[in-house]
Amino acid sequence: MSSLNHRSLPALAARGIQVPRYDREHIEVGVVHFGPGAFHRAHQAYYLDEALGADPRWGICEVSLQSSGVRDALAPQDGLYTIAVLDEHPGYRVIGAIKQMLVARESPAAVLERLVDPATKLVTATITEKGYCLRPDGGLDTQHPEVQHDVQHPHAPHTLIGYLVQALKQRREANVPPPNIVSCDNLADNGKRLRRAVVELAALSDGDLAKWIEREVPFPCTMVDSITPATDDALRARVAAALGVEDRWPVQREAFCQWVIEDVMQGPTPDWAAIGVTITNDVAGFERAKLRLLNGAHSTLAYVGSLAGLETVYEAISHPDLDRFVQRLMREDFRASLRAPQGLDLDHYIDAVLERFRNPAIRHLLAQIAWDGSQKLPFRILNTIVEALEAGRPIARMCVPIAAWFHFVRRKAANGDTIVDPMADALSEIGQRCTGEAAHDVSAFMNLPRFWPARLASNELVRHGLTRAYEQLATVQKPADLKLDCFL
Ligand code: CS2
C-alpha cells in the first residue's frame, strides 16, 4: 500500500475523506508548537487547520524537544496525517497545518530563528506537566538539571522555558513584538505558571528582561479538552482501510473537542470564534472544572480500575461499584470545590463527562492515564483536598484514588515493572520498602519529597484517610473484589 503524502489528497477527497481546503504551498508559519504528541495533533492542529481555511498565516512549525519520532514519521508524508474521530459514526480528516518540523536537540539555532521570526505570532505548548520543571509551590525548580543546563547554555537550551527566555530576549533586542504564548497542558493556571517560570529563569541572567516579560508578554491561561487515546496498530490498520493509503502516525480522538482561552492576547490571532474556540475572561472556572472533574475522575478510574485488573476507561466506568463511587466523588467532593463559570452548568457538565467516558468507540487505556501520577495528582486531586480541609469538608473519598496510586506503585515495584513517572526512582524505592502494613506504607509515601502540598504533608486527617483507604484496597485483584460502598 502506498504512503500518505500530498499526491494522495485528490484521491482521498474523491473517497469522501476530509482533506485541507486550502493551498498548502501558500501557507506561512505563524505558530511554533512545542510537543507534537497525539493530543496536540488531535486538538490545536485541528483548530489551526480550520483557521487555515480562511487565513494562510497559521501554519505550524512543530518542535520536539528531544525525540525525532514524529518528524521521522511525518516528513515522508509531507507533514500530513489523519485524525480519526471515533464515535458512533467514525470520521477521518487529513490535517495539512504542519509546515515544518524541528527537533530541538538537533537544531537549536533553527528553533530560535523560528521563535524570533516576526511572522511567529503564536507559541503553543503541550509538553505535559513535567516539562515545566516546577517546584510544588509553583515556582521554577532552579535545581532541576535541565534548568541548570539552560542557565549555562542559553543558546542551546533543553527546556521550553529556556527557549522562551532566549527568544524573548532576542525579540526585545530586535524590537519585534512578543508572540502570544499559550500553555495547553493540564495544569491549573497554566498560563500564569508558565509566565512565572519564564520570568524566574530570565531573572537569573537579566533583571530588565524579566521585568519586560512580566509586563509585555501575553501568557493566556487555557482549558483544552478532547479524549485522545494513544495511537496503536489497530488505529493504523483502521485508518489504512478507510484511506486506502498508509499513514505512519495517525491520531484518534472523540468527537467532543473544546479550547477555551483567556482574553488577553495581543496582535494578530486566528479568528478564534470562527473556528470554535471560546475566548473568555473567566478561563480559571472552566480550567478548574475540567481538571478536577474530568481529569480527577480519569486518574481515579485509572488507579482504582488498574488494581482490579480493568484495562480501559469504558470498562472501569461500566463497573457498577466504581461508577457509583466516581459519581459520588465528582458530584459531591470535586463539585463542592468548584464555582461554575458563566455559561457552564456543573451538573450538566458532570453528566456530559460521564457520557464521554461511556463511549464504547473509544479504547482509552487506564495504563496511559496512570503515567506521571506524581505530576498529575497534585493538580487533579491534592489541591482539592487542601481546599476541602480549609473549608472543613470531608476528604475520605478523595483519599481513595491517592491510596490506589500507592498500591499501583507498590505492585509495579514488587513486580519489577517500569513506572512511567519523572519520580520513578524515588517511587520504586518507596514501593520496594512497602511491607503491606498500611500505617507503615502510607508513612513511606507521605515522606515522598517534592510532591505534597505543605498543608497535607503532616496532616493527621489525611494520614488517617489514606491509611483507611489503603487497607480497604489492599486485597483488590479482580473486578469482583472492588467493593467501594463503604465510602459512599
Ligand atoms: C487524561 C487526559 O491521560 C490523562 O491523564 O486524563 O489526557 C485527558 O484525556 C484529557 O485531558 C482530556 O482532555
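In what order do the five strands of the open sheet lie? Select them and you can read off S5-S2-S1-S6-S7, with parallel pairing. Here a strand is a DSSP run of E, at least two residues, and a helix is a run of H or I, at least four, both numbered from the N terminus; two strands pair if DSSP finds at least two bridges between them.

Before moving on: this is a predicted model, where local features need pLDDT of at least 70 and side-chain atom pairs count only at pLDDT 80 or more, while totals for chains, interfaces and linings use all residues. Residues are numbered from 1 along each chain as its sequence is written, and side-chain values use heavy atoms, leaving out hydrogens and water.

Now colour the sheet's edges, S5 (98–103) and S7 (180–183), each of which pairs on one side only. Zoom in on S2 (residues 59–64): five bridges join it to S5, and the two run parallel.

Next stop: helix H11 (residues 283–307), where you'll find serine 299. Serine 299 is buried, at 1% relative accessible area (buried means under 20%, with a 1.4 Å probe and protein chains only). Beyond its neighbours within four places in sequence, serine 299 is in contact (heavy atoms within 4.5 Å) with Ile369, Leu377 and Arg380.

Finish with phenylalanine 357. Not counting residues up to four places away in sequence, phenylalanine 357 touches Ile227, Leu294, Ala297, His298, Leu301, Val313, Tyr314 and Ile317. Show those side chains and look around.

Definitions and conventions: Buried < 20%, exposed > 50% of the residue type's maximum accessible area, 1.4 Å probe, protein only.
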